[in-house]
Amino acid sequence: MKKIIFAIAGAAVCASMLLTACGAAENVTYTRSKVDSNGKFTCELLGFGADFDTDVWTFYTDDQIAAENHASGASDEQLNAALKKNAAIQDMVATQESGVNVMLIYEDTNVSKLGNISEEAYINGSKEGLVEQFADIMDNVNSKTTTVTVAGVTHQALDVSGEAYGVSVYGRYICVKKGNLMGLISINAFSEQEIKDITAMFYALS
């Protein structure tokens with residue numbers, strides 16, 4: 001089951017489809033989010049943070065992040081190079097022993113030729129591909145586009161659910177756009193309540 005939920009999470013990394021570009025977006029320099037030894041997650045770039053209980057959550061190490069992104073390392077410079085080459089990177093991955101996970105993924109929409117695409121258009125364009133990938137590994141797949149409040153701001157999101165080996169699995173993918181960087185918060189869990197509770201963990205940075 002842990003493999004199933006990670007397969008679902010991985011689908012979000014390649015979520016976007018070929019859409020009509022809306023002109024080049026303002027270039028914003030990517031900087032990686034930070035996590036301290038107490039599980040405090042801070043994303044200055046998008047203006048939010050969250051406190052992860054380190055008795056429950058484990059973060060990917062720098063080496064794991066570099067490997068996931070086929071990058072030479074996990075510094076801002078090295079991940080920027082991977083972003084410009086591949087159009088998308090994983091910035092942060094946090095997991096529970098059960099397989100519940102949270103990722104922060106970025107796509108450079110200027111590199112992927114989506115340009116100044118809106119959060120709504122991005123979610124609508126990604127929906128079909130994500131649902132198809134869910135359906136490849138799960139039964140009774142359902143999806144809906146919605147809006148979600150993250151750190152006091154309303155964003156576009158896609159909620160997906162299905163069943164694998166008789167177990168219900170839920171995913172939520174939330175867009176947070178800044179210039180040419182489309183941030184995607186990917187949350188994958190085994191109940192709707194877990195999805196809601198994890199979404200509520202994020203707060204605005206003062």
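At 52% relative accessibility, N140 counts as exposed, where exposed means over 50% relative accessible area, buried under 20% and partly exposed in between (1.4 Å probe, protein chains only). N140 sits in strand β7, and its phi is positive, about 50°, although the residue is not a glycine. Helices (H or I, at least four residues) and strands (E, at least two) are DSSP runs, numbered from the N terminus. This is a predicted model, in which local features need pLDDT of at least 70 and side-chain atom pairs count only at pLDDT 80 or more, while totals for chains, interfaces and linings use all residues. Residues are numbered from 1 along each chain as its sequence is written, and side-chain values use heavy atoms, with hydrogens and water left out.

A second residue with this kind of backbone value is H70, which has a positive phi of about 50° and is not a glycine. H70 belongs to the loop between α2 (62–68) and α3. With a relative accessible area of 71%, H70 is exposed.

Turning to the chain as a whole, five helices and eleven strands are found. Of its 206 residues, 49% count as buried. The accessible surface comes to about 9700 Å², and carbon and sulfur atoms hold 47% of that area; such areas come from the Shrake-Rupley method with a 1.4 Å probe, and for residues only the protein chains shown count as cover. Among contacts (heavy atoms within 4.5 Å) with a separation of 6 or more, 61% join residues 24 or more positions apart.

The strands can be followed sheet by sheet. Seven of them make an open sheet in the order β4-β5-β6-β10-β9-β8-β7, with antiparallel pairing; two strands pair if DSSP finds at least two bridges between them. At the edges of this sheet are β4 (58–59) and β7 (139–150), each of which pairs on one side only. The antiparallel strands β4 and β5 (residues 88–95) are joined by two bridges, and T58 has T95 of β5 as its bridge partner. T95 counts as buried because its relative accessibility is 12%. The C-alpha atom of T95 is 8.1 Å from that of Y60, a residue 35 positions away along the chain.

Helix α3 (residues 76–86) lies across β5, β6 (101–108) and β10, and runs at about 120° to β5. Helix α4 (residues 119–137) lies across β6, β7, β8 (153–164), β9 (167–178) and β10, running at about 10° to β8. For these angles, axes are lines fitted to C-alpha atoms, for helices over the stretch in contact, and the values run from 0 to 180 degrees between N-to-C directions.

Strand β8 contains H155, which counts as buried because its relative accessibility is 10%. The H155 side chain makes a polar contact with the side chain of E119 at 3.1 Å. A polar contact is a pair of N or O atoms within 3.5 Å; within protein, one must be able to donate a hydrogen and the other to accept it, and residues adjacent in sequence count only if both atoms are side-chain atoms. Beyond its neighbours within four places in sequence, H155 is in contact with E119, T146, T147, V148, V150, I174, C175 and V176.

Another open sheet has four strands in the order β1-β2-β3-β11, again with antiparallel pairing. Its edges are β1 (34–35) and β11, each with a single partner strand, so one side of each is left without a neighbour in the sheet. Two bridges link the antiparallel strands β1 and β2, with K34 partnered by T42 in β2. Between β2 (residues 40–43) and β3 (residues 48–51), which run antiparallel, there are four bridges, and T42 is partnered by G49 in β3. These two strands form a hairpin with four residues between them, and G47 in the turn has a positive phi of about 80°. On to β11 (residues 203–204): β3 pairs with this strand in the antiparallel sense over two bridges, and F48 stands opposite A204.

In soluble globular proteins, nonpolar side chains tend to be buried together. Here the largest nonpolar core has 55 residues, and those with the most contacts inside it are F41, F48, F52, V102, Y106 and I185. The largest share of this core, six residues, comes from strand β10 (residues 181–189). A nonpolar core is a set of buried Ala, Val, Leu, Ile, Met, Phe, Trp, Tyr and Cys residues joined through side-chain atoms within 4.5 Å. Leaving aside neighbours within four places in sequence, the contacts of F41 include F48, F52, M92, L104 and F202.
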